[in-house]
Structures are given as structure tokens and as C-alpha cells.
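Hi everyone, thanks for coming. Let me put the model up, and then we can walk through a few of its packing details together.

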Amino acid sequence: MTAPIKTAGSAPEADAAASPAKKIEGRSLGRIAWTRFKRDKAAVAGGVVVILLILLALLAKPIESAFGLDPDALHQDLLDADLGGLPLGDWGGMSWDHPLGVDPLQGRDLLTRVIEGSWVSLLVAFGATVLSNTIGTVLGIMAGYYGGWVDTLISRVMDVFLAFPLLLFAIAISTSLQGGAFGLHGLPLHIMVLIFVIGFFNWPYMGRIVRGQTLSLREREFVYAARSLGARGPFILFKELLPNLVGPILVYSTLLIPTNILFEAGLSFLGVGIQPPQASWGGMLQDAIRYYQVDPQYMVVPGLAIFITVLAFNLLGDGLRDALDPKSN
């Protein structure tokens, strides 16, 4: 009996045939961007804080109802009448019942008022961002694609809007509409006026970014291919070019939101934004001016709320920019 003869290379070939072949998995652009984003720990931390802030703003009213919180409730027993109504105790009257203390003269809980002010600030910031991005994207993509007199006209309109003294204009409009307009009064009117003023006069910044990106995209092969197949301007604008502009629009939006938050806080600080008794971070800072030497806690709390919110959005925006456009590094 003769033993079977093993030829060289037969064992490796058998092992290779027996073991399943490892699939080569392709990754989409979104997955590649997500992988880059996860490597940036600061951006991830900013994103987590942003998500928590959005949840806090959306659930502000349910949280207040569930825990019996009232941002306008007075606690006169927590104030020292001999010291002109300053909070009793150290650090602005901080306690287990009032973790961030109470405000002077009225004794309202600062934590509740910060929660109440969060939805106002984020609503104004997001609303103004959506408005300015919508106008800027539509006009910017038209200017970049069509060129010629369309580009010249829209670019000159951008220059005119950028020349407006926005702060003075916002103060004038907000002051003139305090009594009521368009069938609105009180808080809804103030919110709508702020969204309109901030969003309508900030669209040229987005318009310039979209216009510049469109100028380079309109010379790409997929645009020529769409034209050769008979596609008209509107189809190319919103079906071919706009999907390729989502990245820059998203990045700029995350950087524009904190700017709008600061603008709303500034207007409320000047007394022409959100009006009392509605809580707002800017209004709390304005009230704290009189007490910052004797009760600095009252100024620190809303100041930290604005600082943390703006920092989180900026970190998220920087991380998205690096993830979606690695060449920017």
C-alpha cells in the first residue's frame, strides 16, 4: 500500500478554501466623517452638552410641572431685609432647595430661571439661524450658479445688508414693536421680532459662503452631465448642487447659533429683547449689574449658562468642520 503523496502548497490552498473570505466593506462619506468626528474628544464633549441643552430646553415646561418649579415664585423668607434684600447665607443663598441660590430683592430660584431661560434663548437662536440659512442658501446658490447680472444684483444686496448697523437697527425695531404688532402681544411678539431681526439681517454671511462653494461646484462633471440630459436650472440647483452644500451649511449653522444666542442675550441685556417677568439669560445679567459687588453669584449663574452654551456649540462646529473637510487642517 502506498501512502498518498502530499504536494507542496496543497495544505495552504485547502486552508484558504476552508476559511471564509473576509469581506471588504466600503464606507460611506458620512461614516468616514463620523469616524473622524469621534476622534475629536472636545467636539464629542461639545456635542453631548449641546444635546443635553436642547433636551433641557424642550423639557423645560414638563420639568417645571413635574417638580413644582415656578420661575416667578417669590421667597421673601430667604432674604435679609437688614441688608436691602440680599439672600441669606453664603454664595447667594445656595442650599439643597435652591442649588444655585436665589436672586436679590425677590428671592426667585436661579436654577429654575436658568431652565426657563434656556428654551427662550435656544428658540430664538435656532429660529433666526433657520431663517438666515434659508434666505442665504437660496440667494447664494442662485448667485453662484447663474452668475452675470443675477450674481451682481444679489452681491450688491448682500453688501447693502452687511452695511446695516444691525445692533442699532434691532434696538429701533424692537423698541417700536413693544406694544403689539401683527396680532401678537407679549412674549410671542418679542420672540418673533428677535427671530426676524437677527435672522433676516444675518443671511448675507451664509449667502457668501454658499455662493463661493457654488462657483466651484458648477464647473464639476456632474453638473455638465445633468445639463446634457436636459435638466433645467431649478433641478440642478436643488437636486444636484444643494446636496453637495449640506456640509458647509451644517458647519456654519453650528457656528451661527452661538452668535445668535449672544445677540439675543445682548438685546435682552439692553432691555429691548425678552421682557420681564419672562426669564432670560440676558435679562438676568442686566438685573445682576446692581448687585455684582455684594452678590456676585447672581451674575455668575446666567453668565456661566451663556458661556457653557456658546462654548459647546463652538466646539461642536469646529469638530464638524474638521470631520467634513479634513483639508481645512
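Let me start with a term: buried means under 20% relative accessible area, exposed means over 50%, and partly exposed is in between, with a 1.4 Å probe and protein chains only. A word on the source: this is a predicted model, where local features need pLDDT of at least 70 and side-chain atom pairs count only at pLDDT 80 or more, while totals for chains, interfaces and linings use all residues. Residues are numbered from 1 along each chain as its sequence is written, and side-chain values use heavy atoms, with hydrogens and water left out.

So, is Arg 108 buried or exposed? Arg 108 counts as buried, because its relative accessibility is 7%. You'll find Arg 108 in the loop between β2 (86-87) and α5 (110-146); helices here are DSSP runs of H or I with at least four residues, strands are runs of E with at least two, and both are numbered from the N terminus. Leaving out residues up to four places away in sequence, Arg 108 touches, among others, Asp 72, His 75, Asp 103, Arg 113, Asp 287 and Tyr 298, a contact being heavy atoms within 4.5 Å.

Now please look at α11, residues 233-241. Gly 233, Ile 236, Leu 237 and Leu 241 are buried there. They cover an arc of only 100° around the axis, which puts them on the same side of α11; the arc is taken from the directions from the helix axis to the C-beta atoms. In general, an α-helix has 3.6 residues a turn, so residues three or four places apart point the same way. Pro 234 and Lys 239, on the other side of α11, are exposed.

What covers those buried residues of α11? The cover includes α5, α9 (203-217) and α10 (221-228). Taking α5, its axis lies 11 Å from that of α11, and the two pack at about 115°. Axes are lines fitted to C-alpha atoms, for helices over the stretch in contact, and angles run from 0 to 180 degrees between N-to-C directions. From α5, Ile 141, Met 142, Tyr 145 and Tyr 146 meet Gly 233, Pro 234, Ile 236, Leu 237 and Leu 241 of α11. By class, this contact of α5 with α11 has eight nonpolar, one polar and no charged residues. Nonpolar covers Ala, Val, Leu, Ile, Met, Phe, Trp, Tyr, Cys and Pro, charged covers Asp, Glu, Lys and Arg, and the others, Gly among them, are polar.
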